[in-house]
Amino acid sequence: MKKKIVSKVFALLLAACTVLSACGNESGNQSVGQTDKSETNDTVQEGEEPYTIVYAFDVWVQQADWDLVEENLSNIVYDKIGAKVKLLPMTGANYQQEVNLMITSGEKLDLVNASARTTFSSDVTSNKLLGLDEETVRKYAPDAMEVIGDYMEATTVDGKIYGFPTIRDMASAYGLILRNDIIEKYGIDADAGLTVEQLDDLFARIKEGEPDKYVTQPQSQGTSILESLFKTYDGLGDTMGVLMDWGQGDLTVQNLFDTEYYEECVRKAREWNEKGYILPDASTNPDTGVAYFKTGKVASTMSLIHPGVPTDSTNMTGIPCSTAIVNPAFGNTQTVGAVIQSIPVSCKNPEKVLEFVNLLYSDAEVYNALVWGIEGTHYQHVKGSEKWITYPDGVTGETSGYTLSATYAFGNRYLSYIWNTDPEDLNEKYEEFNDNAIKSKALGFVFDTTPVKAEAAAVQAVMDEYRLPLENGVIDPDENLPKFRQALKDAGIDTVIAEKQRQLDEWAATK
Amino acid sequence: MYKRLKKIKKLLPLYIMALPALVYLFINNYLPLTGMVVAFKDFDYSKGIYGSDWAGFRNFLFLFKNSVAFIITRNTILYNVAFIIINTFLGILVAILLSEVTSKKALKVYQTVILLPYLFSIVIISYLVFAFLSTDVGFINKGILEPLGKSTISWYNESKYWPIILPIVNTWKSFGFQATIYYANVISIDKSYYEAAQLDGASKLQQVRYITLVLLKPVIIMMILLAVGKIFYSDFGLFYQVTQNSGAIYSTTNTIDTYVYRTLIQTGDVGMSAAAGVYQSVVGFLIVLITNLLLRKISPEDSLF
């Protein structure tokens, strides 16, 4: 008897189990099936509930007035394309995981922000993102295609479009943020930029003249001197195999760490570090960067430079400062794809989402409603200016419920209003900056690590161990550089480079 | 037959009462186990967990691809063994000392002070450690080494110091928790044992040796066994935050968890992350089984199962 009951219980559990797993399977298949279906027919529902576009993206700080902004944006978008918008802003750390979970479990999600700096290429190979054919995109988002232009290559893999890079600083220049009093005292011509030789001389003079200050520091805990000041190569994503000379030569993938160039850079970093120019423990000091600059204990900071930087850093640190470019603006797949708006596979109505994306690239009203909030509540126009905006009367940075100002994160930055602490022609400056940047010949190439993923992961671990301390000059290159090179070989960097060369050649042949 | 039926009838309400908990346990703890298959798949979002293509053991390869495998396994196990020994020893010692404190007020103060670090977030602790070790402003360099005329040490770039620093930090953080558990057991020991021992003229040390430790044995064994089961897991915060993720000291601070995190944060490969997790749990499970088996050989009445 007891046995019977036990077996009954088991049967019950089994049944529950099959039902549950069946549900799981079904929802998985369903989402795939439906995307297929909606791709083939034009669904414009009349009299039906309007489609709601769920948009997930990562932000630095959550905003108090998301609800207001969402409602306002949603109304504007509804008037234009008949769809509602639901915003799902998340802060950095768990963003990626949440999005992965939502997509795996088939939860409703229509648009996400991805990045070529992090996982875009694996997102593509693991089919997390929907690949659209050019025809569909041209039909539903013609303006976006127009505005993005050639940059579209960065998100096109095997002829399918996997997302839309936002228009912002599409290249990275590197250099120094310098205090204005230092610039004056040492007669620096910041606008003309600086060369590494000039830096040698300048650093020595500042070291001599400012005994109570460190001469310089890296931009943040995780970035090295080499990457900030000396970087003249296209890392092709993971820097396992790079193109030297900003990718201007032939498409031969080289092992960066075996080059003489790398050795020179590492030795220069070591020299500066031993001469005491660099903030001690640069690679491990958690306070490096803006926080430390604020204390007034450093004369300059190495930094990524774009037209918005001088005002941003002056505002953030309260210390008047300017920028001097050491390394000219350079664009590759990663700088272009720093922020990519992509449609995940779980999306049920890609056409509507494309129309929304199109608005972000072509409609100033939609763009500014998302970036700056509601006019009169979160910003107001400066009298007599089309572009300039500021806080409404009686509102300050502390009391405003929406201070997102993430101009880089959505659509087309050229549509943006300008906060009145920035020059009124900031957008034109961005355009000039982007147009003048050096562009790698491999712009648009996305490396798929799948065939060599075990090697790539092992090489990554070796790079994590050695790169930062070597490139910041905190460990001795005589002893450690040979060790680093050997460890890379052991981990299989040559296999990764060979595979990358193969894919690059293949990619170049299709162009 | 009839007797059995009666027994079941009697117990039925209990079974029914237990049912929700059993169902919960099943859904929460056992159903997700099927997700382990991800470790053997080339994960594809459009195909889902069970629909993706099989990858065999390929996802596990990266763990053993280079010499790092040896270092991370060694670090993980040795640090954990050190932590288990130090924490158990100190925990019992402090628990016994606490049980001898007679003033109620003093006892409250001690308990709070001892437990406080355990409640700190590891990020805060990493900053406390940084305040000691920073080359720039750190207490040890500026407050001790410099006044003594010694040259400063760049702690975050010298791997040889970390096998000492990390156990100190870990002990400071977690011995209070261990002490609290053992203390609860020490005070529950029947006082008449001690009275009898005193009458027989046993010294304090003898009382500890022959009464307290003997009666604590089951708890100690259980605590150690639980810790041993986690020997393949490392406290991620301790090895990542407290070391400021410094590459120069990986040779003594890199553990399986930090290695996996650092490697896969870059590639974002679901299959490989799952493989690392499966590897850790399977080996951890085996270690518990083996430890228990050994224990059953040595002293059967103390084994868990």
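Which strand of chain A does Leu88(A) lie in? Leu88(A) belongs to strand 2 (residues 83-91) of chain A. Strands here are DSSP runs (E, at least two residues), and helices are runs of H or I with at least four, numbered from the N terminus.

This is a predicted model, where local features need pLDDT of at least 70, side-chain atom pairs count only at pLDDT 80 or more, and totals for chains, interfaces and linings use all residues. Residues are numbered from 1 along each chain as its sequence is written, while chains are lettered from A and ligands numbered from 1 in the order in which they are written.

**Leu88(A).** Leu88(A) has 19 C-beta neighbours inside 10 Å, so it counts as partly exposed (20 or more would be buried, 12 or fewer exposed). Beyond four places in sequence, Leu88(A) contacts Val54(A), Tyr55(A) and Ala56(A). Contact means C-beta atoms, placed from the backbone, within 7 Å.

**Two helices of chain B.** Helix 4 and helix 7 of chain B pack with their axes 7 Å apart, at about 125°.

| Helix of chain B | Residues | Contact residues, among them |
|---|---|---|
| Helix 4 | 104-119 | Ile114(B), Leu115(B) |
| Helix 7 | 162-187 | Trp172(B), Lys173(B) |

**Between the chains.** 43 residues of chain A are in contact with 39 residues of chain B. Helix 17 of chain A gives the largest share of chain A's side, 14 residues.

Key:
Axes are lines fitted to C-alpha atoms, for helices over the stretch in contact, and angles run from 0 to 180 degrees between N-to-C directions. Two residues are in contact if their C-beta atoms, placed from the backbone, lie within 7 Å.
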